[in-house]
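Here is a walk through the aromatic side chains of one model. Keep the structure open as you read.

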Amino acid sequence: MKRRVLLATLLAGCATARPPASAAASGAPCAAGLPCPAGPAASAAPGGAVELSYEPERVEVSRLDLELAGKNDEELFAIGQAAFSAADHARAANAFGRLADLFPASRHEATALFNAGLAHQRLEQWRLALTRFRTLERRYEGPDAVEAGFKQAECHYHLGELGEARAVLDGLARRPALPAGERIRALTQRGVVELELALPEEAEQALRLAVSTWKLGSETERLDDYFPSQAQFYLGEVYRGHFLAVRLDPSRDGEGKLAKDLEDKASLLLSAQGHYLRAIRMGHADWAVASGYRIGELYDALHAALVEAPLPPGLDAEETEAYRSELKRKVRVLITKAIAIYERTLAVAGRSRVENNRFVEETQASLERMKQALREVPPDAVPAPEPRLPADAVPEQG
């Protein structure tokens with residue numbers, strides 16, 4: 001009886017508080033200046049009782065939901081496998097996800113969670129994929145759970161959540177029983193993410209640790225060369241960033257400052273080149289092509305820095321002519337060196353049949369640009385010296 005009286009009191013209060021019917025019907029603003037929200041319709045019945053009516057809830061049911069309804073875990077697993085093989089990733093995600101949600105005790109649950117995550121990844125549904133991989137890692141242990149951790153980091157990366165991706169990869173790298181190959185992978189990917197987070201010192205530390213872990217582990221087992229090659233490439237990227245940050249401005253800097261900046265820039269070029277060369281020597285074709293392109297780009301960038309730098313102040317006509325003559329000589333050497341490296345990089349890509357690598361197309365475009373630049377720089381009276389490339393700047397065999 002008390003409960004019924006309390007309910008009647010609350011309903012009566014609602015009836016008193018609702019806006020006038022004329023205001024609600026005309027869309028007039030509420031007291032706060034906002035349109036009155038749509039809500040349950042309330043009307044006073046004879047005798048003072050208040051009746052509430054709600055819009056009927058709409059439940060959307062897709063044709064796929066109807067097809068999967070009533071299927072057991074074995075049937076859902078078979079449907080998901082067939083759909084995934086046929087690249088019908090929406091159907092696969094639905095079937096595997098339904099299995100994981102409705103049959104948590106199934107022997108297929110772990111595989112269903114992983115495959116549902118993969119299907120969502122193929123559809124670029126990164127948030128849904130992240131949920132499936134996270135559930136798998138929390139419920140299970142072993143290689144599949146570790147791989148789910150890497151997939152989580154990948155999802156965070158594509159969602160632009162670099163801090164979260166870094167935290168996941170750091171946790172993987174710190175696992176005490178993680179195999180060497182997986183530790184190298186975690187450290188390399190963490191270094192790449194840290195570089196994108198503008199943390200070059202942390203990135204360099206992670207990448208160097210990945211390379212040293214590979215060297216140590218290779219003494220006792222055969223390890224894949226993909227991630228250590230990637231680590232060396234990105235160590236080159238760290239120093240390329242430092243190289244690009246050094247600006248040459250003869251019009252502003254004194255002669256001593258300019259000489260030091262040029263020396264620093266050249267030193268950083270050689271440091272970056274050294275890491276790219278190490279990546280090439282590891283023999284992975286994709287990273288060898290990427291590294292060859294970057295080496296050519298270093299000389300290309302130094303050429304651009306010299307050409308675009310303003311003239312030093314206070315030069316007379318004779319000194320200006322001498323300066324331009326010396327600049328042309330240096331620029332011609334850099335252009336010919338860049339051309340030679342680009343050509344050898346494309347040769348390696350052709351022999352190794354590296355096709356789906358963005359650096360191949362970029363190398364071809366850079367080669368054409370440098371050839372055009374060479375045509376625009378007249379040869380000196382004294383022939384420029386042949387560029388002295390490192391013997392293994394780009395390997396002769398892929």
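Over which ring does the charged end of Arg185 sit? The ring is that of Phe150, with the charged end 3.9 Å from its centre. A charge sits over a ring if NZ of Lys or CZ of Arg is within 6 Å of the ring centre and within 35 degrees of the ring normal. Lys265 lies over the face of Phe243, 4.1 Å from the ring centre.

This is a predicted model: local features need pLDDT of at least 70, side-chain atom pairs count only at pLDDT 80 or more, and totals for chains, interfaces and linings use all residues. Residues are numbered from 1 along each chain as its sequence is written, and side-chain values use heavy atoms, leaving out hydrogens and water.

Now the ring pairs. The structure holds nine aromatic pairs (rings of Phe, Tyr and Trp, the last by its six-membered ring, with centres within 6.5 Å; planes under 30 degrees apart are stacked, over 60 edge-to-face, the rest tilted). Tyr226 and Phe227 have ring centres 5.0 Å apart and planes at 80 degrees, so they pair edge-to-face. Tyr234 and Trp287 are also edge-to-face, because their planes stand at 70 degrees, with centres 6.2 Å apart. This pair links distant parts of the chain, 53 residues apart: Tyr234 is in helix H12 (residues 226-245) and Trp287 in helix H14 (residues 285-308). Helices (H or I, at least four residues) are DSSP runs, numbered from the N terminus. One aromatic cluster takes in Tyr226, Phe227, Phe233, Tyr234, Tyr276 and Trp287.

Trp287 is buried at 9% relative accessible area, whereas Tyr226 is partly exposed at 29% (buried is under 20%, exposed over 50%, partly exposed in between; 1.4 Å probe, protein chains only).

Note on methods:
Helix = DSSP H or I, 4+ residues; strand = E, 2+ residues; numbered from the N terminus.
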